[in-house]
Structure formats: structure tokens, C-alpha cells
Amino acid sequence: MLRALYLIIAVCCFLPTLPGLLGVLVSSLGYVPPLGMHQFGLAGFAMVFEWEGVWQSICMTVYCAIASSYLACLITFAILQASWGTRFWRQVEISLSPLLAMPHVAFAIGFAFLFAPTGMGPRLLSLVGYDANAQTVNDLALLVKDPYALGLILMLAMKEVPFLLLMSISVLRQLKVEQSEKVSASLGYSKAQTWWKCVFPQWLAKLRFPMLAVMAYSLSVVDVALIIGPTNPPTFAVLVWQWFNDPDLALLPRAAAGAVVLFVIAIVMIAFARLVEWAVTKGFREWQFSGRSGYSLPGKSVFSAILFISVVMVPLMVIWSIAQRWRFPDLLPSRCSLRFWEYEWDSILGTVSQSLLIALITASVALGFALVAHEYRLRHKLQVPGYIIAIPMLIPQLSVLFGMQVATLYLSSGAHFFWVCWAHVFFAFPYVYLSLDGPWRSYDEGLTRVALSLGKSPLRVWLKIKMPILLPAIVFAWAIGISVSLAQYLPTLVLGAGRISTITTEAVALSSGYDRRVTAIYAIWQALLPLVFFSFAILVSRLQSRYRRLSMKGLLPNESLYRKPRHP
């Protein structure tokens, strides 16, 4: 039974990568039979590189991905170095859930509300004597739609820090940081020096897949780049998406060729990241044992700043959603109204219900697949390697979605809802699987062996022993699956053929020039829905831990093995 389920996982979550990449590759070579193109050629690639400004777009995309990924890595390490094992770390853990719950699109919209030329940032600067009216819009566009993508780099780095922190928890527990600090302290090293020379190389090596996922996302992101990224030229992923939306179908090979180029860039970036990791941890190791240099980074203040900016975004979006008249540079609206909520209420309820239905189906299926995959990994040696499971996280979505769309047209062109759910499962499964990897590895299999030796069935042992212990991790992984599904933009548009509307697709469409009030309403809903499920995961975790403590307190007095003998 377990083998059959694992085969279904392979068919649904691994194998679609092949037709996806093959379909894009064949189309990029000019072979598109439905359009009457039956001859192979390189005209599509020629059109890509003849596009004016394409090299500038590619270079900007590469440096944006590198800068944002390693900035997020540095910030994450600074937070861990300053707070791991302290009281402040407890506050960090509590804050991770709401930070992870906010999708990238909602975070980008809030970021734009803060740092746009007419956002809250310039309004606050006007209070200290800065004459915002004397500047042009281009002078003020320093972090939103700026030509150097500085705002996109900063926003992506800030949004990826909670994800890297979450992935680092299981990594640091495996490294036994407390023992390393004690041994290093006995040799005369400070805590900062210990973290740099002893913890950092091991942490960076074990954080490989999350870092590659962050870099791949930064390279291929479209929705966030449409909101706050540069426009002339845009990032290369946005440029390829614009080519796919070109009404002239004869130019489709150019879009497919652009997707292939984006895939090649992603492969080169993965190789670059591996080279950097090798150089830091193995190639040039003199810095690890030469001298006692090691600087203490301001991790607590950086995390407090990220948390403050994230928290401020929510009330700012609420204010924008009810602002009827808000002149620049006034700090607050001069007139408020709920009419925008009333106008959008009927339409947004249908979108929210459809988004929730897709997210619940996606998260439940992905969680079931992840549980089966982990159990299969423990019981059988023959399994799919971890890097194969992580492929949907590591390759650009545009590089596989077009081929997947072509494949679905041959199977059933009208089942848009089913294909959207399947695409969401395809991209959400690696995140759910990765979030369960640490808890599954830390589980003591001796408990299962003891229960089996007492004659219990494997299913009963799993339900009565293993699942209660790992229940908080399972519910949290389910919430992550919901959050990933609610954040999907390109899979919904491509496989839904414009017939499936979700909160994310509507929010991105409205953010490109529609009324800010309506955009704020959709951004609030997009931020609120994942937060509800993450809060539910936290509640289940606390109730489960309290139940286990009460059970232990009730069992220990009745346990005869722990009583003192009554005889002298």
C-alpha cells in the first residue's frame, strides 16, 4: 500500500517536471503544431536576444537574486547569533508564524504603501522639514519601481528571513550549538567567534536547499516584481511573462525561448550558490582557524525593525481601505468611509471562498503526500532523492508551466479547477515535505519499535504514538501548504486560463494602477487568511502540549515503578 501511494506521489509531484520542461524546450525551437509551426529552428532565441534592453534586464535579475538571497542569509545568521538560546529567541519564535503567514504579494503591497512616493514614508519625512512637494516622482521613487531594483532586493530579503529562520531551527538543533559554545568557551573563544568559526560553516551547508529555493524564487518572481520592481526594463521573469501574454501567437517561440533562458540562468545560479558554499566551508578554510576574529552582528535590532515594518503594514492597509479623501502629505485621511468595502463585498466573498477551497484541497493533499513520503523514506532504501523532491522549488515556474499547460490541453482542456489544484499541489508539496523533515528526523523511532514489539499494528502505533507527538509539526506543515497555495499567482493564471480567480490574482491585477483602497481590501484578505490557519496551528500546538503535561501529571502518581518501597 505504501509503495502504491509513493508511486502516486511520483506521478503527481515529480514526473510533471519532464513534460513541463520538454514542452517549453520544443516550443522554443519553433515546433508548435497547433499554430502550424512544424520546423525546428533558433528564431525564438534570436528574437529574445534582439529585444532592446534584454541584457540589462538579465543582469538586473541576476544581481537582484544574488543580493536579496545573501542579504537574507546574512540577516538570518545575525538574528540567530544574537538571540539563539536567549529569552529574545522565544519572542522570535512567537513572531515567526504571523511573519510567515503574510504572503509575498500582501507584503509587497504593504511595502509599496510605506515607501511609495506618496506613501507613509514620505509623509513622515514631511513632518521633519523635508519638502516632498519640491521633488519629482522619480526623485522619490527610491524603493518602489526604482530602476536599480533596490526596493525589490530589500523587500525580498525581509520576506525570506522568516522562512530561513524556520528552516534553521531544525538545523541548529542537529548541530548541538550549546555544546559547541561550551567547548569553544573553554578554549577562550567568545560567543561571536564561536558562531562565526564553528556554527556558521555547518549551518550554511545544511541550509543548502532553503537557500537555493530562496534564490530561485528571487530569480523568477513575477507578482512581486510587477508591484514594486523596475519597469523599464523590467526583470527578466516579468519580461518573459509579458511575452507569453502577447496576443500575436506567432511570437510564442520567443516567450518559450525566454523561459528556457530563464531556466538556464537558474541552473547557473544554483551552480554559483554551490560554489560559494564550497568556497566558504571547504575551499578557503583559513578564516575558520586563523586568529580570533568574529564580530557580533546587531541581529536583535534588525529583527525588531523587520517585525515593526511588517506590523505597521496591516493598520496602514486598513486605513487605506477606508480612506475616502487622503491628500498628500497629510498623515491621516481627512474623510473616511466604508463604501469601498460595501462595493467589493459581494465579489470578494466569492473570490475568498474559491481561494479557500483550492487552498484546503491543496494543503490536505500535499500533507498526505508528505506524510507518505517520509514514512516511505524510513522503511525503504529505494526512494526519490531530496534534490528531486525540491525541483519545483528550485526551477522557475515559467520554465515548466507552459509545458504543463500544453500537456493538460491534450488530457482535458476544460477541467481548469482540477488543473489549478494539481499545480498548487505540485508547487506546495516540497515546502510541506521540507517543513516536516526536521521533526521526522528528530522523532525517536525506538518508541515505535517498542510498541510494535508489544503486538500493536503499525497503523495503530502511528495513530496512537507517533501522530500525537508530531501533531504540532503536522498542523504547522498544513498551514504552510495553505499559505503557499494562497500565494500562487502564475499557476492559477496559466492553468486556470483566466477562469479561476483567487485573492492573489485579483490583488496583483488591482495593484498595477487601480484604486489603492480596493487594492488594500484585497491585500488585507490575502494577509488575513493564512494568519487564521497559522493561529489555528499555534492553538493546536499549545493545547496538545498542555494535554500531554496534564496526562503526565495524572499518570506519574499512579505509576508503581516510581513509588518508594514500603518495606524497610
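What is the relative accessible area of Cys 336?

Mentor: Cys 336 has a relative accessible area of 48% and is therefore partly exposed, a class that lies between buried (under 20%) and exposed (over 50%), with a 1.4 Å probe and protein chains only. The model is predicted, so local features need pLDDT of at least 70 and side-chain atom pairs count only at pLDDT 80 or more, whereas totals for chains, interfaces and linings use all residues. Residues are numbered from 1 along each chain as its sequence is written, and side-chain values use heavy atoms, without hydrogens or water.

Another cysteine, Cys 198, is also partly exposed, at 25%. A disulfide is a covalent bond between the sulfur atoms of two cysteines; here the term requires a pair of cysteine sulfur atoms within 2.5 Å. Searching the whole structure gives 0 disulfides. Cys 198 accordingly takes part in none, and its nearest cysteine sulfur, that of Cys 73, lies 17 Å away.

Lys 466 belongs to helix α24, residues 458-486, where helices are DSSP runs (H or I, at least four residues) numbered from the N terminus. With a relative accessible area of 3%, Lys 466 is buried. Leaving aside residues up to four places away in sequence, Lys 466 touches Glu 375, Leu 378, Trp 440, Tyr 443, Glu 445 and Val 461; contact means heavy atoms within 4.5 Å.

Finally, Leu 15 sits in the loop between α1 (2-14) and α2 (17-28). Leu 15 is partly exposed, because its relative accessible area is 45%.

Methods. Helices (H or I, at least four residues) and strands (E, at least two) are DSSP runs, numbered from the N terminus.
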